[in-house]
Amino acid sequence: AEEPLAEVAAEVLASFSAIGSLRPLQVREAAQPASGDAATSEAHPRRVGVVSVSNAVAASGTHNAVLGLRAFLDRRELDGSVLLGIRSLAKGNEFEIDSTTFEHFLNQAGSDMLPTIPLARVTKMILGQVTRLCENLKLDGLVFLCGPSELSEVGKISEHLAQVKARTVVACVLHSISDW
């Protein structure tokens, strides 16, 4: 069954149709296991990578988006989760992002914590490199901070990871909606 569309303003929905086959989906909480189930008391740590890609200058909210993701992973039910900043999709060059070491970046402009890298055109070679990176880092998720011009390329990466049945799920956070 197809997921229901989220209830959004018409101008926002029009923006989604302008960028291809993407569409806003309604976000729902996952089904909770029955009470007394062993899964209800266990933490479910995740390994998540975050990469900032842009063919222009990164938006000033890059730090806050990364630290917001870290705060999400710091929730009790995700205790033990790891957030890795990725400086290169080809080589990895990752580093762990923890709340205390990087808290001084909150509300600071720029992308000093996580440098923004270009993502012009996704090729078979890049798809292979990203797949190996996700496998080597054992990522459950890969979050791209990007602008509208990079969405279609990130979509190709997401589709490829799904086709090869990788355990990694791709998500995007728009850091800019300029030129829409």
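This is a predicted model: local features need pLDDT of at least 70, side-chain atom pairs count only at pLDDT 80 or more; totals for chains, interfaces and linings use all residues.
Residues are numbered from 1 along each chain as its sequence is written, and side-chain values use heavy atoms, with hydrogens and water left out.

Let me start with the overall fold. The protein has five helices and six strands, where helices (H or I, at least four residues) and strands (E, at least two) are DSSP runs numbered from the N terminus, and along the sequence they follow the pattern α-β-α-β-β-α-β-α-β-α-β. Of the 180 residues, 36% count as buried, which here means under 20% relative accessible area, with exposed meaning over 50% and partly exposed in between, for a 1.4 Å probe and protein chains only. If we take contacts, that is, heavy atoms within 4.5 Å, between residues at least 6 apart in sequence, 73% of them join residues at least 24 apart.

Now to the cysteines. The structure holds zero disulfides, a disulfide being a pair of cysteine sulfur atoms within 2.5 Å. For C146, the nearest cysteine sulfur is that of C172, at 4.2 Å, and C146 is in no disulfide. C146 is buried, with a relative accessible area of 0%, and C134 is buried as well, at 2%.

Turning to the aromatic residues, F95, F102 and F105 form one cluster. Rings of Phe, Tyr and Trp (its six-membered ring) pair if their centres lie within 6.5 Å, and planes under 30 degrees apart count as stacked, over 60 as edge-to-face and the rest as tilted. The structure holds two such pairs; one of them joins F95 and F102, tilted, with 5.8 Å centre to centre and 45° between the planes. Both F95 and F102 are buried.

Not counting residues up to four places away in sequence, H63 touches F105, Q108, A109, G110, S111, D112 and M113, and H63 is buried, with a relative accessible area of 1%.

Finally, which residues does G49 contact, leaving aside neighbours within four places in sequence? They are L84, I86, L139, G141, L142 and V143. G49 sits in strand 1, residues 47-53, and counts as buried at 0% relative accessibility. The C-alpha atoms of G49 and K138, 89 residues apart along the chain, are separated by 9.6 Å.
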